[in-house]
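Reader: I would like to go through the labels used for this model and see what each one rests on. Please set each value against its cut-off.

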Amino acid sequence: MEQNIEDGADPPVLLLVGSSGGHLAQLLALRPWYERWPRCWVTFDTPEAVSLLAGEEVVPAYHPTTRNVPNLLRNAILARRVLRRRRVAAVVTTGAGVAVPFVVLAWLRRIPTVYIEVYDRIDSPTLTARLCRPFLSAMLVQWEEQRRQYPEATVVGTLL
């Protein structure tokens, strides 16, 4: 059973949000950075994600998200619920569509939001990054070339 933020029983968590597949793989590559922090994952309930996140706290998100308005609304309700019931220290995401409601609602609650642009989009920004960009505390990119789209971004190097 999830605790309300007012209970104070749970420490703040790092909320790692990403679609399954490559987005999840890039978040998993951050393990040396996040392993010391309490965390909660938001991703799709796929066999791959279940296997990769065994032993982790996972909140399943609705999919598909690409051009699927009903699932966008479901994920917005999910984001509202998670952000109200958990003490979230920050939201970190690599996209894709599942990230949008979590980033926007976290921003409204003044929770820091970090977006890491995926490594395979060098010449053009992803739709999710464009949608999330106004609501970000930090924009990170994996290639110097990606700064043409995101001049304010910090280059962190490739994750995979």
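Author: Bear in mind that this is a predicted model.

Reader: What makes W107 count as partly exposed?

Author: The relative accessibility of W107 is 41%. Buried means under 20% and exposed means over 50%, so at 41% W107 counts as partly exposed.

Reader: Why is the pair of W107 and F135 called edge-to-face?

Author: The ring centres of W107 and F135 are 5.0 Å apart, with 75 degrees between the planes. Rings pair if their centres lie within 6.5 Å, and planes over 60 degrees apart count as edge-to-face.

Reader: Which parts does the pair of W107 and F135 tie together?

Author: W107 belongs to helix 5 (residues 99–108), while F135 sits in the loop between helix 6 and strand 6 (138–141). The parts tied together are 28 residues apart in sequence.

Reader: How many aromatic pairs does the structure hold?

Author: There are 2 aromatic pairs in the structure. One of them joins Y34 and W41: the ring centres are 5.4 Å apart and the planes stand at 85 degrees, so this pair is edge-to-face.

Reader: How do you know whether Y34 and W41 are buried or exposed?

Author: Y34 has a relative accessible area of 0%, and W41 has 1%. The cut-off for buried is under 20%, so Y34 is buried and W41 is buried.

Conventions
Residues are numbered from 1 along each chain as its sequence is written. This is a predicted model: local features need pLDDT of at least 70, side-chain atom pairs count only at pLDDT 80 or more; totals for chains, interfaces and linings use all residues. Side-chain values use heavy atoms; hydrogens and water are left out. Rings of Phe, Tyr and Trp (its six-membered ring) pair if their centres lie within 6.5 Å; planes under 30 degrees apart count as stacked, over 60 as edge-to-face and the rest as tilted. Buried means under 20% relative accessible area, exposed over 50%, partly exposed in between (1.4 Å probe, protein chains only). Helices (H or I, at least four residues) and strands (E, at least two) are DSSP runs, numbered from the N terminus.
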